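Hi everyone, thanks for coming. Let me put today's model up on the screen, and then we can walk through its helix packing together.

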Amino acid sequence: TLRILVCLTSSGLLGTVICNVLLAKAVSLTSPLLTNLGTTLQIPLSFFADQINPLSRNPVFTWDYVLGTVAILGAFVVVAAEGDDARDEREEADAEESRTQ
């Protein structure tokens with residue numbers, strides 16, 4: 001019916017088109033590695049959402065979930081910090097080059 005068609009169309013637009021546009025924008029603003037790690041953060045965030053959701057059926061964190069979450073968060077922080085350092089170095093080099101010209 002019309003309601004199903006509207007639901008499928010809106011799901012397709014929100015789930016694929018807008019997601020792909022935002023992903024492409026994120027890659028252009030940061031880097032492919034940082035964007036990929038950022039999207040991987042959805043997994044630990046969904047674990048956390050299950051934990052605080054009163055309607056979920058008794059979610060339990062085991063040590064491997066916690067270890068994986070710490071690894072993902074740690075990798076994201078390290079890559080983001082390295083990206084900031086590299087960007088600062090490029091900006092300084094560009095500024096130095098423009099001063100010498």
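Which residues in α2 meet which residues in α3? Gly38, Thr39 and Thr40 in α2 meet Gln42, Ile43 and Pro44 in α3, where contact means heavy atoms within 4.5 Å. By class, that contact has two nonpolar, four polar and no charged residues; Ala, Val, Leu, Ile, Met, Phe, Trp, Tyr, Cys and Pro count as nonpolar, Asp, Glu, Lys and Arg as charged, and the others, Gly among them, as polar.

Some ground rules: this is a predicted model, with local features needing pLDDT of at least 70, side-chain atom pairs counting only at pLDDT 80 or more, and totals for chains, interfaces and linings using all residues. Residues are numbered from 1 along each chain as its sequence is written, and side-chain values use heavy atoms, leaving out hydrogens and water.

Now, α1 covers residues 2–29 and α2 residues 32–40; helices are DSSP runs (H or I, at least four residues), numbered from the N terminus. Their axes come within 7 Å and cross at roughly 135°, with axes being lines fitted to C-alpha atoms over the stretch in contact, and angles running from 0 to 180 degrees between N-to-C directions. α1 and α2 are therefore oblique to each other; under 35 degrees counts as roughly parallel, over 145 as roughly antiparallel, 65 to 115 as roughly perpendicular and the rest as oblique. On the α1 side, Leu23, Ala26 and Val27 meet Pro32, Thr35 and Thr39 of α2. That set divides into four nonpolar, two polar and no charged residues.

Back to our opening pair: the axes of α2 and α3 (residues 42–52) come within 5 Å and cross at roughly 20°. That makes α2 roughly parallel to α3.

Notes:
Helix = DSSP H or I, 4+ residues; strand = E, 2+ residues; numbered from the N terminus.
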